[in-house]
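Dear colleague,

Here is the structure for your files. Please open it alongside this note. What I found comes after it.

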Amino acid sequence: MANIIVFCILAVVILGSAVLSVVTKRIMRAATFLLFVLFGIAGLYFLMDYTYLGAAQISIYAGGITILYIFAISMMSKRSLQGLVERLKGIRVVQGALVALAGLAVVAFVYVKTEFLSSVKLDTITHVEVPMKQIGAALVGSDKYQYVLPFELISVFLLACIIGGVMIARKEDKK
């Protein structure tokens, strides 16, 4: 029962912080709310007794990536950050809602098509502990259903974003 209460609290923190991160007008507050989301996800890992993944979530994502974002934001000049308040136009809101509904329709179609509900028996789910060696092999392995390539691609993408931010900041300072 306590696990369900903690899960509900973490879910509210994650969802609330994610929404606030998207709708806030101040960029440093958005980074702070992102930090709360990442800490909440780490809390979910700890709740499932995946202490290694929880510690990795805190040290890599909540610590490293958020600090990298804040560092990139602080490198931007104040002149470029002052004009970032953008007013929502009606057509943009409608376009965003249509894209969100299309994504929801695709997820629902895949969910129904794969017969996920009929294959899952909620009464027979048992707590099976996955060995840490298997989790580590899945995270750093390069075989099918292993995640080293997506992690490397995301790290290259984040590095390109940071370099782009630095280049934009340097070009504005020369003016």
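**Largest pocket**

The largest pocket holds about 530 Å³ of space. Of its 20 lining residues, A56, I60, Y61, L139 and F151 are the closest to its centre. How these terms are set: on a 1 Å grid over the protein atoms alone, a pocket is an open set of points where a 1.4 Å probe fits, with protein on both sides within 12 Å along at least five of seven lines, and lining residues have an atom within 4 Å of a point. Points are joined across faces, edges and corners, and the volume is the space filled by probe spheres set on them.

Three helices, α3 (51-75), α7 (132-140) and α8 (148-174), each supply at least two lining residues. α3 gives the most, with seven. The lining has 16 nonpolar, three polar and one charged residues. Here Ala, Val, Leu, Ile, Met, Phe, Trp, Tyr, Cys and Pro count as nonpolar, Asp, Glu, Lys and Arg as charged, and the others, Gly among them, as polar.

**Model and ground rules**

This is a predicted model: local features need pLDDT of at least 70, side-chain atom pairs count only at pLDDT 80 or more, and totals for chains, interfaces and linings use all residues. Residues are numbered from 1 along each chain as its sequence is written, and side-chain values use heavy atoms, with hydrogens and water left out.

pLDDT is the predictor's confidence in each residue, from 0 to 100. Its mean for the protein is 80, and 81% of residues reach 70 or more. Where pLDDT is low, the predicted coordinates should not be read in detail.

**Fold and exposure**

The protein has eight helices and zero strands. Helices (H or I, at least four residues) and strands (E, at least two) are DSSP runs, numbered from the N terminus. Of the 175 residues, 16% count as buried. Buried means under 20% relative accessible area, exposed over 50%, and partly exposed in between (1.4 Å probe, protein chains only).

Helix α5 (residues 90-113) has zero buried residues among its 24, so it lies largely in the open. Its end C-alpha atoms are 34 Å apart, which agrees with the 34 Å that its 24 residues should span at 1.5 Å a residue. The expected span is 1.5 Å times one less than the number of residues.

**The aromatic pair**

A search of the whole structure finds one aromatic pair. F33 and F36 form it; the pair is tilted, at 6.4 Å centre to centre and 55° between the planes. Rings of Phe, Tyr and Trp (its six-membered ring) pair if their centres lie within 6.5 Å; planes under 30 degrees apart count as stacked, over 60 as edge-to-face and the rest as tilted.

Both sit in helix α2 (residues 27-47), and because they are three residues apart, about one helical turn separates them. F36 is partly exposed, at 39% relative accessible area.

**Two other residues**

I14 is in helix α1. It counts as buried, at 14% relative accessibility. I14 and F33 are 9.0 Å apart in space, C-alpha to C-alpha, and 19 residues apart in sequence.

D49 is in the loop between α2 and α3. Its phi is near 65°, a positive value in a residue other than glycine. D49 counts as exposed, at 55% relative accessibility.

Best regards
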